[in-house]
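My notes follow, in the order I looked things up.

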Amino acid sequence: MNVPLLRAEGLHCAYPLPGGRMLRAVDGIDLTLARGETLAVVGESGCGKSTLGRLLLRLEEAQQGRILLDGTDMRGLRGAALRAMRRRVQVVFQDPYGSLNPRERIRDVLVRPMLLHRLCTRAEAERRAAALMERVGLSPAQLDRLPHQFSGGQRQRIAIARALAVGPDLIVCDEPVSALDVSVQAQVVNLLQDLQRERGVALLFISHDLAVVRHLAHQVAVMYAGRVVEAGPAATLFADPRHPYTRALLEAAPRTDTGPRGHTALAGEPPNPAAPPPGCRFAPRCPAARDLCRQDPQPALREIGPGHRAACHFAEALPPFTALAAGAAAPPALAARIAAYRAARDRESAAAATERPAPCA
Ligand SMILES: Nc1ncnc2c1ncn2[C@@H]1O[C@H](COP(=O)(O)OP(=O)(O)O)[C@@H](O)[C@H]1O
Ligand code: SF4
Ligand SMILES: [Mg+2]
């Protein structure tokens, strides 16, 4: 059997609150990511997406569970083995202002990780930094600039170049385009997708924007109140969602494409993670809830189709999902922009037939 690139099993992370209560930000998460694929993690603000990302990066320690990279538990690694793991798993955060040192020149941002991981000589690192700048659509002539001399979209390109500099197998992208203008979002998303194809890097793509997710994800995990409530191939989840929460997100999504960001169309509020309701945590907002739903234990995440899992007592009994089909005549606005951008860029690159720099590591 093929060992997946990444497998998380039973991850828990709780923060202590005054009065001895615990805020369960991540409350028993299992997920799998294959080599070279994109797993999108979606859900409303506060459901635990960023905490999950930090656990996978080991920026924070899970209190329970296992994080297997190529079958090896990352939670047990120390010293040189931990350093090697850190090279293989990189990150792109939402806010490139916050993640780039304002006083560090871009040359150092890109060269330092290569030297830190002893991947090559300084001269070779400099050459690779210049090639990476070109690959992400910037100029090597800009290597001596400081972060504030770039736009938000350019800074995110630099963050992507920094992640790629050490030849990772996986990049955790936490809302990487949410802070960017919509036209710039399309370019950055395209760049990530192209780089994935070229280099076979897997992406764990955290987002609340289902248009972007629909465009680039192979697999999707929907999170609610610290848990995965539905997971499976993107095509299956968008065509036949079997959890009422996924349906509610999808029904809200077309409005978020053109309107303000966020799932304003979704009624009600997520539960307080320090005091979730008994039974299914979605029950207070669920149009399909019955008495059973309000009783412990909460519904388990279980297989309901090939590779498709849902944590709902009535997943199979839900009526066919038609809301998205009704709105699907016009493709999501962002996907249309991405397609237009891709077509334009493909024409340019065919004309220029430029040589791609060699992969960095
Ligand atoms: N360091 C922390 N200390 C206490 N609570 C936290 C901390 N980080 C996150 N939380 C809480 O954990 C929950 C999940 O947060 P987060 O992972 O940031 O969600 P998301 O990224 O989905 O918006 C939220 O209720 C948040 O307030
Ligand atoms: S278990 Fe019940 S409350 Fe929870 S999502 Fe399913 S139908 Fe709704
Ligand atoms: Mg977050």
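For sorting residues by class, I count Ala, Val, Leu, Ile, Met, Phe, Trp, Tyr, Cys and Pro as nonpolar, Asp, Glu, Lys and Arg as charged, and the others, Gly among them, as polar. I keep in mind that this is a predicted model, where local features need pLDDT of at least 70, side-chain atom pairs count only at pLDDT 80 or more, and totals for chains, interfaces and linings use all residues. Residues are numbered from 1 along each chain as its sequence is written, while chains are lettered from A and ligands numbered from 1 in the order in which they are written.

**Ligand 1.** I looked up the shell, taking a residue as near if its C-beta atom, placed from the backbone, lies within 6 Å. The residues around ligand 1 include Tyr 15, Gly 43, Lys 49, Ser 50, Thr 51 and Pro 273. Strand 2 (22-33) and helix 1 (49-57) are the elements that give two or more residues. Helix 1 gives the most, with 3 residues. Helices (H or I, at least four residues) and strands (E, at least two) are DSSP runs, numbered from the N terminus. By class I get 5 nonpolar, 6 polar and 1 charged for the ligand 1 shell.

**Ala 129.** Is Ala 129 buried or exposed? I call a residue buried if 20 or more other C-beta atoms lie within 10 Å of its own, exposed if 12 or fewer, and partly exposed in between, with C-beta atoms placed from the backbone. Ala 129 is buried, because 23 other C-beta atoms lie within 10 Å. I found Ala 129 in helix 5 (residues 122-135). Two residues are in contact if their C-beta atoms, placed from the backbone, lie within 7 Å. Leaving aside neighbours within four places in sequence, Ala 129 is in contact with Arg 107, Leu 110, Val 111 and Leu 143.

**Helix 4.** Next I checked helix 4 (residues 106-116), where Ile 106, Val 109, Leu 110, Val 111 and Met 114 are buried. These buried residues pack against helix 5 and helix 6. After helix 4 comes Arg 118, with a positive phi near 50°.
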